Amino acid sequence: MDENNASALWMSRLETLPLSRSDMNTLVMDYLVTEGYKDAAQVFMEEAGVQSPINLESMSDRIKIREAMDQGNIDLVTQMINDFDPELLDMKPTLYFHLQQQKLIELIRSKNIEEALLFAQTELAPHGEDHPEVLAELEKTMSLFAFSDPENCPFGDLLKPSQKHKVAGELNSAVLESQNQQTTTNLHTLLKILHWSQDMLTQQKVSFPKMEDISSGIISNST
């Protein structure tokens with residue numbers, strides 16, 4: 001079978017796969033609940049007629065933590081985490097480091113250099129000595145001090161919202177884990193399976209319609 005016919009066969013089979021709106025709605029609701037978007041989940045539940053797998057009120061702690069994180073109020077985040085579970089950060093030293101790292105980043109962002117230096121020396125440096133696995137991240141963060149315009153330096157990505165969102169995601173997963181709830185969305189798992197499957201087919205030199213851009217769903221032939 002030539003490549004064009006093989007691709008056409010793949011596409012015809014994809015189009016006949018059973019996928020109901022109910023399945024899609026369940027996938028969306030799982031994402032909203034796991035990621036902590038309570039208001040969106042409430043609206044979606046009412047409009048789509050899909051039930052939430054958990055009581056939406058149980059998301060309150062995660063929402064408050066995320067809001068404080070978005071505001072860059074790391075001291076408040078730490079306090080809320082300790083109030084929620086006093087042992088959580090002690091049991092997850094890497095998460096605790098990322099939280100402290102974010103506090104240093106917020107101090108640098110606000111141009112409070114003296115306090116940032118003191119905090120780095122008294123809090124982060126000892127943590128790096130006790131946990132050498134975070135030394136590379138610590139050194140990268142400390143490098144921000146060497147630039148007069150840290151937001152536009154080679155390590156300026158640390159000051160972007162994506163870094164803050166990354167830590168917020170870690171915190172969200174940690175809280176879910178402590179509540180014995182699922183920490184990864186089903187959508188994320190499906191995307192991982194998609195990437196793995198496409199990589200395996202590519203390695204085997206199989207011609208198939210490959211999804212080149214997940215965000216747009218663009219599919220092209222792959223050889």
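Predicted model: local features only at pLDDT ≥ 70, side-chain atom pairs only at ≥ 80, totals over all residues.
Local features need pLDDT of at least 70, side-chain atom pairs count only at pLDDT 80 or more, and totals for chains, interfaces and linings use all residues. Residues are numbered from 1 along each chain as its sequence is written, and side-chain values use heavy atoms, with hydrogens and water left out.

A pocket is an open set of points with protein on both sides within 12 Å along at least five of seven lines. A cavity is a set of points where a 1.4 Å probe fits but cannot get out. Lining residues have an atom within 4 Å of a point. Grid points are joined across faces, edges and corners, and a volume is the space filled by probe spheres set on the points.

The largest pocket holds about 880 Å³ of space. Its lining has 24 residues, and Leu14, Leu17, Leu19, Leu194 and Met211 lie nearest the centre. Helices and strands are DSSP runs (helices H or I, at least four residues; strands E, at least two), numbered from the N terminus. At least two lining residues come from each of α1 (3-15), α2 (21-35), α11 (186-203) and β1 (208-213). Helix α11 gives the largest share, eight residues. The lining comprises 20 nonpolar, two polar and two charged residues. Here Ala, Val, Leu, Ile, Met, Phe, Trp, Tyr, Cys and Pro count as nonpolar, Asp, Glu, Lys and Arg as charged, and the others, Gly among them, as polar.

The second largest pocket has a volume of about 160 Å³. Tyr31, Glu35, Gly169, Asn172, Ser173, Thr183, Thr184, Thr185, Leu187 and His188 line this pocket. Two or more of these residues come from each of α2, α10 (161-178) and α11. The largest share, three residues, belongs to α10. Seven lining residues are polar, two are nonpolar and one is charged.

One cavity of 30 Å³ or more was found. The largest cavity contains about 60 Å³ of space. Its lining is formed by Arg62, Ile65, Arg66, Met69, Ala168, Leu171, Asn172 and Val175. Helices α4 (60-70) and α10 each supply at least two of the lining residues. Five residues of this lining are nonpolar, one is polar and two are charged.

Two packed helices are described by the angle between their axes and the distance between the axes. Axes are lines fitted to C-alpha atoms, for helices over the stretch in contact, and angles run from 0 to 180 degrees between N-to-C directions. Helices α2 and α11 pack at about 110 degrees, with axes 8 Å apart. Helix α2 is therefore roughly perpendicular (65 to 115 degrees) to α11. Contact means heavy atoms within 4.5 Å. Leu27, Asp30 and Tyr31 of α2 meet Asn186, Leu187 and Leu190 of α11. Four of the contact residues are nonpolar, one is polar and one is charged.

Helices α8 (residues 113-130) and α9 (residues 135-142) pack at an angle of about 155 degrees, and their axes are 9 Å apart. The two are therefore roughly antiparallel (over 145 degrees). On the α8 side, the contact involves Ala120, Leu124, Ala125 and Gly128, while α9 contributes Leu135, Leu138 and Met142. Six of these residues are nonpolar, one is polar and none is charged.

Technical notes:
Parallel < 35°, antiparallel > 145°, perpendicular 65-115°, else oblique.
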